[in-house]
Amino acid sequence: MTTITPVTPLLTGLAERLPALRDLYEDLHAHPELSFQEVRTAGAVAARLREQGWEVTEGVGGTGVVGVLTGGEGPVVLLRADMDALPVREETGLPYASTVRAVDGHGNEVPVMHACGHDMHVTCLLGATAQLAENREHWSGTVVAVFQPAEEIGGAPKMIEDGFLDRFPRADVCLAQHVMPAPVGFIATRPGPLMSASDGLRVLLHGRGGHGSAPELTVDPVVMAAAIVMRLQTVVSREVGGTQTAVVTVGSIHSGTKENIIPDTAEMLINIRSTTPAVRDRVLASVERIIRAEAAASGAPKDPEMTRLPSFPVTNNDAETTAVVTAALGDALGADRVMTLPQPFTGSEDFGVFGTALGAPSVMWHFGGADPALFQDIDPDDLLENGLPATIPANHSPRYAPVPDPTIEVGVTALLAAAAHWLR
């Protein structure tokens with residue numbers, strides 16, 4: 001006997017829609033666009049929403065698209081998907097792999113790839129919007145479908161700054177999901193902190209250039225940068241408690257033009273993750289202290305220049321709303337497949353900006369998109385405790401790509417199941 005749940009009527013016709021959604025996913029994957037450059041993607045989203053009967057607004061916060069559909073009296077539910085891709089050269093070998101190149105915000109030509117699954121997010125939300133439009137007689141309320149630009153660099157605040165709160169119905173609840181390299185069919189979330197805060201620093205170190213054969217006449221910023229990299233490794237290991245969470249990563253060092261020239265400057269890009277305000281403040285202060293101290297120890301002629309890059313707040317799931325969503329997802333997909341994370345992810349998100357700005361509870365969950373065959377000898381509980389094996393590509397890897405089937409069906413079902421609680 002088929003179990004009837006609140007989401008069941010909203011799933012009518014989904015099976016017939018899945019082939020077209022797979023075609024859409026492959027098209028989006030083959031045509032990725034960098035942050036705030038999602039013109040083609042936004043156009044495809046807007047066209048499909050209009051075809052489905054949604055009221056559509058384009059250009060929100062740059063390249064964002066917002067669809068509104070009202071089905072009578074009831075709560076307002078915000079569903080969000082992000083659209084941007086990453087400067088990564090794809091190595092998946094898929095027949096629809098990206099070969100796109102684009103110019104980034106710094107004027108550099110870079111390869112582009114959907115290495116974080118945002119193409120899957122767009123596909124699933126468009127599948128959910130189609131189901132909501134097709135089955136309007138089975139729900140009541142208003143849905144605000146947000147297709148957000150530039151999640152990788154903080155596009156949600158740009159949408160808020162562009163009058164989002166006044167231009168669209170104010171949500172009573174905000175919902176979103178993110179695909180992850182776990183077996184298809186599994187969902188993971190938690191109440192409270194789900195994803196870390198993220199802070200970035202651009203550091204310009206000043207040295208005194210000269211000939212590589214006479215380093216005594218110079219102040220070498222490359223050595224200065226190397227000393228900083230090594231010393232920064234002690235911040236987490238010696239200044240953060242064992243039960244606390246923080247990550248410090250030096251993602252880029254650029255300096256010099258030739259092997260026998262000591263340059264004048266070196267640039268470093270540093271990323272910091274944390275899950276509490278106290279740890280965040282402590283780690284940021286420690287990083288800046290070490291940079292200044294190592295520059296002074298090297299005899300730098302000028303103090304380092306430190307510029308803050310876009311930051312992301314901690315993604316916090318409202319506890320009461322998370323319990324509701326978890327139960328709804330369990331009813332739709334199987335309670336044994338919905339898991340509670342023991343601790344937050346150290347990745348970061350800007351989805352929480354919407355709930356904070358609206359004063360509404362928000363919940364995000366992660367859903368698996370990897371071939372279950374990769375996990376044949378791994379217990380799902382072990383994944384929660386020990387993390388991914390190194391052999392499985394994760395988000396931001398050039399080899400990362402969710403399997404379309406049945407990930408798309410699971411993602412559409414999850415969005416509709418969570419929303420259905422409020423749209424009954």
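Q: How many disulfides does a search of the whole structure find?
A: The search of this predicted model finds zero disulfides.

Q: How do you know that Cys-124 is in no disulfide?
A: The cysteine sulfur nearest to Cys-124 is that of Cys-116, 14 Å away. A disulfide needs two cysteine sulfur atoms within 2.5 Å, so Cys-124 is in none.

Q: What makes Cys-174 too far from another cysteine for a bond?
A: The closest cysteine sulfur to that of Cys-174 belongs to Cys-124, and the distance is 19 Å.

Q: What makes a set of residues a nonpolar core, and which residues have the most contacts inside the largest one?
A: Such a core consists of buried residues of the nonpolar kinds, joined through side-chain atoms within 4.5 Å. The largest has 57 residues, and Trp-54, Leu-79, Leu-132, Phe-147, Leu-175 and Trp-365 have the most contacts inside it. Helix α11, residues 404-420, gives the most to this core, with ten residues. Another core, of 27 residues, lies apart from it and includes Val-146, Ala-176, Met-195 and Phe-351.

Q: Which residues is Trp-54 in contact with, leaving aside its neighbours within four places in sequence?
A: Among them are Leu-49, Val-68, Leu-69, Leu-132, Val-143 and Ala-145.

Q: Why is Asp-162 called partly exposed?
A: The relative accessible area of Asp-162 is 30%. Buried would be under 20% and exposed over 50%, so Asp-162 falls in between and is partly exposed. Asp-162 is found in the loop between α4 (156-161) and α5 (164-167).

Q: What does the side chain of Ser-140 reach, and at what distance?
A: The Ser-140 side chain reaches the backbone oxygen of Glu-73 at 2.2 Å, against a cut-off of 3.5 Å. Ser-140 lies in the loop between α3 (118-134) and β6 (142-148). Not counting residues up to four places away in sequence, Ser-140 touches residues including Gly-72, Glu-73, Pro-75, Trp-422 and Arg-424.

Key
Residues numbered from 1 in each chain as written. Predicted model: local features only at pLDDT ≥ 70, side-chain atom pairs only at ≥ 80, totals over all residues. Heavy atoms only, no water. Buried < 20%, exposed > 50% of the residue type's maximum accessible area, 1.4 Å probe, protein only. Helix = DSSP H or I, 4+ residues; strand = E, 2+ residues; numbered from the N terminus. Contact = heavy atoms within 4.5 Å. Polar contact = N/O pair within 3.5 Å; in protein donor to acceptor, adjacent residues only side chain to side chain.
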